[in-house]
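This briefing covers a ligand site and the domains around it. Please look over the sequence and the model before reading on.

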Amino acid sequence: MPKPSCTIVLGTQWGDEGKGKIVDLLAQNVDIVARYQGGANAGHTILLPDGRQFVLHLIPSGIFHENVTCVIGNGVVIDPVALLDEIRMVEEQGITVRGRLFISHNAHLIMPYHKMLDQAAEQRMSKDGSAVGTTGRGIGPAYEDKFARKGIRIVDLLDRESLREKLRHNIAEKNELLDKFYGASERCDVDQLIADYEIFDREIDPYITDTALLLNRAIKAGKSLLLEGAQAALLDIDFGTYPFVTSSNPTAGGACTGLGIPPMAIDRVIGVAKAYTTRVGNGPFPTELLDETGEKLREAGHEYGATTGRPRRCGWFDAVAVRYTNMINGVSSLALTKLDVLSGFPEVKLCTHYERKSDGRAIAHFTNDLRLLADIRPIYESFEGWTKESLEGAASREDLPQTTQRYLDALEREVECPLEIISVGAGREETLGVGTALMSE
Ligand code: IMP
């Protein structure tokens, strides 16, 4: 099979599906890995064969493969403090970043006032129970400024006079908001910011380029690209459970706008789904388990946020939700992760459809209408678990216990999409490539 030239890898649930591992795995066979949205709110965990584990927040998950070029696209919002820390952390491991990482000159910067506003807004909303439960990394306020045409882009760092002017305007507005509206004690100072960002500018400068040009030239030259989404489709600003979402488009369309790649250049979309469901932050979650089973999933899956350390909410796999996100993204195949976490559960459940609590009507399609979501209950198909058999050492799907295979067959049928990759552990080798088109040239 010819090597596909342009593949999107994105999350199909509420994030934390294990995209970092899948991108790292597939990156063995590509030339470029490019990140298209979000910011340091993401936490992509990667376990290297020698046992070292890393959490990447901004740098694409291809950085651990020496021949791979990594790109941070215009759709990403960049916190220079987080970025420079991460570059140092990767370099300390003996990995070359300079000359391999390229950052879009059009990417917007996260400023300290974005983080202050994010946290102040959440604090205020928590009083009436409407907080989103953000990561507090300034993501929402940075995108607000981008779309209000007030944002500071990396390219703006080049013109000190105009930067000073823009910052003066922004800071006057933000300080007023922090003071008068939020009653927060923190303030930003223009001169301090200019001084800090001059240092960032010098340090970031070698990485800055026109990444849309770089990527389109690479496509023309026949290079293979992997486009890495952060967060996930159900956190998408347009298609997620709004307003309990992030402020960007993790869905497939976001890859085009967040990188400057034409839609026709994209060959396929790999959706990543966990074998169960988790969510961190507030908002609807139809299959959430608030009982011992949910607790057991959290402990078995080490379900604590990679960015904030918050305990994740846990529940059974929701095929209604993944069917929907497969549709929105045109997912061609799924990578199912953390199947091993379900080992030891006497019973495993799969939500096939919902039922309205008010009138018992069956609902087969996901909705992001919060009122309707509040009125539904999940309907499950139940499976005998694999309590004694281990998934270890399986080389293919056929090697898995019969009970596990029955669960996978039903899941594949319900999400209406082939399972191409199945992950049964954190390591690269603990992966069953079912029809591994990307991994074989
Ligand atoms: P924000 O992206 O920090 O504004 O947070 C908005 C929502 O997205 C919150 O519910 C967060 O918990 C969630 N979120 C943001 N980034 C991630 C992630 O990488 N994994 C899972 N949830 C995330």
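Which polar backbone atom is 3.3 Å from an oxygen atom of the ligand? It belongs to Gly-133. The model is predicted, with local features requiring pLDDT of at least 70 and side-chain atom pairs pLDDT 80 or more, while totals for chains, interfaces and linings use all residues. Residues are numbered from 1 along each chain as its sequence is written, and side-chain values use heavy atoms, with hydrogens and water left out.

**Polar contacts (N or O atoms within 3.5 Å)**
- Asn-41 places a polar side-chain atom 2.8 Å from an oxygen atom of the ligand.
- For Asp-16, a polar side-chain atom lies 3.1 Å from a nitrogen atom of the ligand.
- The ligand alone exposes 460 Å², of which the protein buries 97% (Shrake-Rupley areas, 1.4 Å probe).

**Shell around the ligand**
- There are 16 residues around the ligand, and Asn-41, Thr-135, Thr-246, Val-280 and Arg-310 come nearest (a heavy atom within 4 Å counts as near).
- The shell has 6 nonpolar, 8 polar and 2 charged residues, with Asp, Glu, Lys and Arg counted as charged and Gly among the polar.

**Domains**
- The protein is divided into domain 1 (6–100 + 210–433) and domain 2 (108–206), with bounds from an automatic or database domain assignment.
- The C-alpha centres of domain 1 and domain 2 lie 29 Å apart.
- Contact between them involves 28 residues from domain 1 and 22 residues from domain 2 (heavy atoms within 4.5 Å).
- The ligand lies between domain 1 and domain 2 because both give residues to the shell around it.

Terms used
A polar contact is a pair of N or O atoms within 3.5 Å; within protein, one must be able to donate a hydrogen and the other to accept it, and residues adjacent in sequence count only if both atoms are side-chain atoms.
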